[in-house]
Amino acid sequence: MVQTGDTELDGTIIDPARTAAVVLVGGQGSRLRPLTLSTPKPMLPTAGVPFLAHLLSRIAAAGIRTVVLGTAYRAEVFEGFLSDGAALGLDLTCCPEPEPLGTGGGIRYAADALAPGFDEVVVFNGDILSGVDVRAVVGEHRAAGADATLHLVRVPDPTAFGCVPTDATGRVTAFLEKTLTPPTDQVNAGCYVFRREVIDAIPAGRPVSVERETFPGLLAGGSRLQGHVESSYWLDLGTPASFVRGSADLVQGAAPTAALPGPVGTALLLPGAKVASSASLTDGTTLGADVQVGEGSRVSGSVVMDGARIGDGAVVERSVIGPGATIGDETVVSDAVVGDGASIGASCELLAGVRIWPGLVVPDGGLRFSGGA
């Protein structure tokens, strides 16, 4: 789901000594396997840099300076990213969970790493690409005197998301997690503002779902939950199709970021990438470092990671090619995922959601969806 609109137009001032951020990056990213077997979802290369860099660039633009990463799966991978946060002017801390604690438990555990002076905490799901106006969400939270404020977006089909109806004042009246009969098209967009006391009241030391336990519990107790409805860009990057779409939108400037490692355009090439003169790159394609694309090949709307090789006359569209993978001559890869170091022979067809696991070797003509020659 994508929405577009104005971003960062609110005049709310964020005091970096009072407001901090927690980013939840502990999920296993199972819907993106095999890409996430070796790399956590927020660290996957997205428009040339880890997706987390795009999110952090938005957090920094809002005026927040202290950020805690709530990690779990492959937590060690995030440790090497902390210096990148410093380049954005952020004080980044990793807070690995001792066991999976769910969204609410993860928020509580990560927030425990914040100094007592931070009485306002903005929470982000680490797999959402969004143009949310963070200052506007914080401003509405303060104006409403809310205990918690949720960023909401409107979607054509709300059945796949947490449904959040509000009254005329923006006050949340219910929190319905993935209901088949939603009373509104407003859904939870994965960005929240909490008073610190509310987070401190989340039970510690056990799994807690913020969607199924924390928010319904606050409503039942009479707390003020505010909904901030916005029409900014929003996309859940949880599937291969949405992952490549989000990367392409970043490259082409449809999604906001301050972390794009190059100019906005139809394609992004990282250092060492080489493209044959008769090949074409379109629709927001990213080529990682040292990628090679052969004569007559066409790559559109795809993410081709570092060191991958695409032979002559190949077609790659809306797909992810993992680092070090090889695509043979005249092979078609469409809406597919090729894992790290896999080797796909010549004249193959990888279509309609096929996923090739890391290191797998497919011989010439070894996988086809049509008779072929």
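**Close-up views of a predicted model**

**View 1. Helix α5 and its buried residues.** In helix α5 (residues 134–144), the buried residues are Val-134, Arg-135, Ala-136, Val-137, Val-138, Gly-139 and His-141. Buried means under 20% relative accessible area, exposed means over 50%, and partly exposed lies in between (1.4 Å probe, protein chains only). Helices (H or I, at least four residues) and strands (E, at least two) are DSSP runs, numbered from the N terminus. This is a predicted model: local features need pLDDT of at least 70, side-chain atom pairs count only at pLDDT 80 or more, and totals for chains, interfaces and linings use all residues. Residues are numbered from 1 along each chain as its sequence is written, and side-chain values use heavy atoms, with hydrogens and water left out. The buried residues of α5 pack against α1, β6, β8 (148–154), β11 and β12 (225–229). Gly-145 follows α5, and its phi is positive, near 60°.

View 2. His-141 lies in helix α5. Is His-141 buried or exposed? His-141 has a relative accessible area of 4%, so it is buried. Leaving aside neighbours within four places in sequence, His-141 is in contact with Glu-120, Ala-146, Asp-147, Ala-148, Thr-149, Val-193, Phe-194 and Arg-195. Contact means heavy atoms within 4.5 Å.

View 3. The structure holds four aromatic pairs. Rings of Phe, Tyr and Trp (its six-membered ring) pair if their centres lie within 6.5 Å; planes under 30 degrees apart count as stacked, over 60 as edge-to-face and the rest as tilted. The rings of Tyr-192 and Phe-194 have centres 6.0 Å apart and planes at 70°, so this pair is edge-to-face. Both Tyr-192 and Phe-194 are buried. The rings of Tyr-192 and Phe-215 have centres 5.1 Å apart and planes at 70°, so this pair is edge-to-face. The pair links distant parts of the chain: Tyr-192 is in strand β11 and Phe-215 in helix α7 (residues 210–220), 23 residues apart. Both Tyr-192 and Phe-215 are buried. Ring pairs join Phe-175, Tyr-192, Phe-194 and Phe-215 into a cluster.

View 4. The structure holds one cavity of 30 Å³ or more. On a 1 Å grid over the protein atoms alone, a cavity is a set of points where a 1.4 Å probe fits but cannot get out; lining residues have an atom within 4 Å of a point. Grid points are joined across faces, edges and corners, and a volume is the space filled by probe spheres set on the points. The largest cavity holds about 120 Å³ of space. Its lining has 15 residues, and Leu-55, Phe-124, Ile-128, Ser-130 and Val-132 lie nearest the centre. Which helix gives the largest share of the lining? Helix α1 does, with four residues.

**View 5. Strand β4 between two partners.** Strand β4 (residues 66–71) is mostly covered, with six of its six residues buried. Thr-66, Val-68 and Gly-70 are buried on one side, and Val-67, Leu-69 and Thr-71 on the other. Strand β1 (residues 19–24) runs parallel to β4, joined by four bridges. Val-23 stands opposite Leu-69 in β4. Strand β5 (residues 91–96) pairs with β4 in the parallel sense over six bridges. Thr-66 stands opposite Asp-91 in β5. Two strands pair if DSSP finds at least two bridges between them.

Technical notes. On a 1 Å grid over the protein atoms alone, a cavity is a set of points where a 1.4 Å probe fits but cannot get out, and a pocket is an open set with protein on both sides within 12 Å along at least five of seven lines; lining residues have an atom within 4 Å of a point.
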